[in-house]
Amino acid sequence: MAAASKDAAPALHGLAAGEAGRPERADWTIDQGWERYSDADHATWKTLFERQTRLLPGRACREFVQGMQELPIGADQIPDFRRLSEVLMPRTGWQIVAVPGLVPDDVFFEHLAHRRFPAGNFIRRPQELDYLQEPDVFHDVFGHVPLLLNPAMADFIQAYGEGGLRAQRLGHLSHLARVYWYTVEFGLLRQDDGLRLYGAGIASSFTETRFCLESPSPNRVRFELERVMRTDYRIDDFQETYFVIRDLDELLEFTRIDFAPLYDRTGAAPVIAPGELLASDGVIDRGDGAYHRARQSAGVV
Ligand SMILES: [Fe+2]
């Protein structure tokens, strides 16, 4: 009985596990322990990989698909971070380092500022394929790593690390974090033949991959930096609004901006609710909001 209830409780990792989740090294890195993955772990990866790979043609941007093809990321095994770094390093200077789960903000930013992408080494349990409380190896590797081969994304994420350290000092982390959320995690972009996803939170999610592009419920709005910096987001459900950039190179433009004056302006302006549209928005799709309304009336959110 005790074993069954323990098994049903979510296993917490990294920061979420409190003191027990803190590794010895100050930078929170650990060995990936690739040799210790079980057959069941690799099988979970394979299930996730195969169903997600089937969904991505026509939905993921071409840079994502290309990155996936050029990296040692396949169906049969959880990727070995050392092999990923061997391909990334000479191309964009990035490496993948293993961490036990979420890490403190300053540790995360330090890694990104030095082109080290911290990836959780654990994999979700097979009975929780679609429920992810913490980013695991599938989210971090399948979702994030392919675009670390893209020079614009590679520079943007490094700049985000540097900017994060500065935003912390200035007391404006929430404003900067929204930029990361609505780009690196949940971003859409425009391609000649339509909208495509590039955000890792979407690319690694079986359900949100379709929702973000095909559902009539969410808004799809042209990305505008200060607008996004003021916009709250959902961490517990699909997004109510997705922001669309022109292409990945647009991210590079944000690396050249001094955010300090933006913090002053956005800090003084009211926060925008996740589903709210403004008269000044470049609306691509005005969502009907039906999904979140139904969730709300069911008491889910
Ligand atoms: Fe992520």
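**Exercise 1. At what angle do helices H5 and H7 pack, and how far apart are their axes?**

Step 1. Start with the description: two packed helices are described by the angle between their axes and the distance between the axes. Helices here are DSSP runs of H or I with at least four residues, strands are runs of E with at least two, and both are numbered from the N terminus.

Step 2. Helix H5 (residues 105-113) packs with H7 at an angle of about 145°, and their axes are 7 Å apart. Axes are lines fitted to C-alpha atoms, for helices over the stretch in contact, with angles from 0 to 180 degrees between N-to-C directions.

Step 3. H5 passes H7 in a left-handed crossing (the near helix is turned anticlockwise from the far one by less than a right angle).

Step 4. Now find the residues that meet: Phe109 and Leu112 are among those of H5, and Ile157, Tyr160 and Leu165 are among those of H7. Contact means that C-beta atoms, placed from the backbone, lie within 7 Å.

A word on the model: it is predicted, so local features need pLDDT of at least 70 and side-chain atom pairs count only at pLDDT 80 or more, while totals for chains, interfaces and linings use all residues. Residues are numbered from 1 along each chain as its sequence is written.

**Exercise 2. Which residues of H5 are buried, and what do they pack against?**

Step 1. Count neighbours: a residue is buried if 20 or more other C-beta atoms lie within 10 Å of its own, exposed if 12 or fewer, and partly exposed in between, with C-beta atoms placed from the backbone.

Step 2. By that count, Phe108, Phe109, Glu110, His111 and Leu112 are buried in H5. The buried residues of H5 pack against strand S1 (95-99), S2 and H7.

Step 3. Look just past the helix. Arginine 115, in the loop between H5 and strand S2 (116-120), has a positive phi of about 55° although it is not a glycine. With 18 C-beta neighbours inside 10 Å, this arginine counts as partly exposed.

**Exercise 3. Is tryptophan 28 buried or exposed?**

Step 1. Locate tryptophan 28 in the loop between helix H1 (2-8) and helix H2 (39-55).

Step 2. Tryptophan 28 has 24 other C-beta atoms within 10 Å, so it is buried.

Step 3. Check its backbone too: tryptophan 28 has a positive phi of about 65° although it is not a glycine.

**Exercise 4. What is the strand order of the open sheet, and which strands stand at its edges?**

Step 1. The 5 strands run in the order S4-S3-S6-S5-S7, with mixed pairing. Strands pair if DSSP finds at least two bridges between them.

Step 2. Strand S4 (194-197) and strand S7 (283-285) are the edges; each has a single partner strand, so one side of each is left without a neighbour in the sheet.

**Exercise 5. Which residues touch the most other members of the largest nonpolar core?**

Step 1. Such a core is a set of buried Ala, Val, Leu, Ile, Met, Phe, Trp, Tyr and Cys residues joined through C-beta atoms within 7 Å.

Step 2. Among its 64 residues, the answer is Ala119, Val145, Leu148, Met153 and Leu197. Helix H7 (residues 151-170) gives the largest share, 6 residues.

Step 3. Follow leucine 197: leaving aside neighbours within four places in sequence, its contacts include Ala60, Leu188, Ile202 and Leu213.

Conventions. Contact = placed C-beta atoms within 7 Å.
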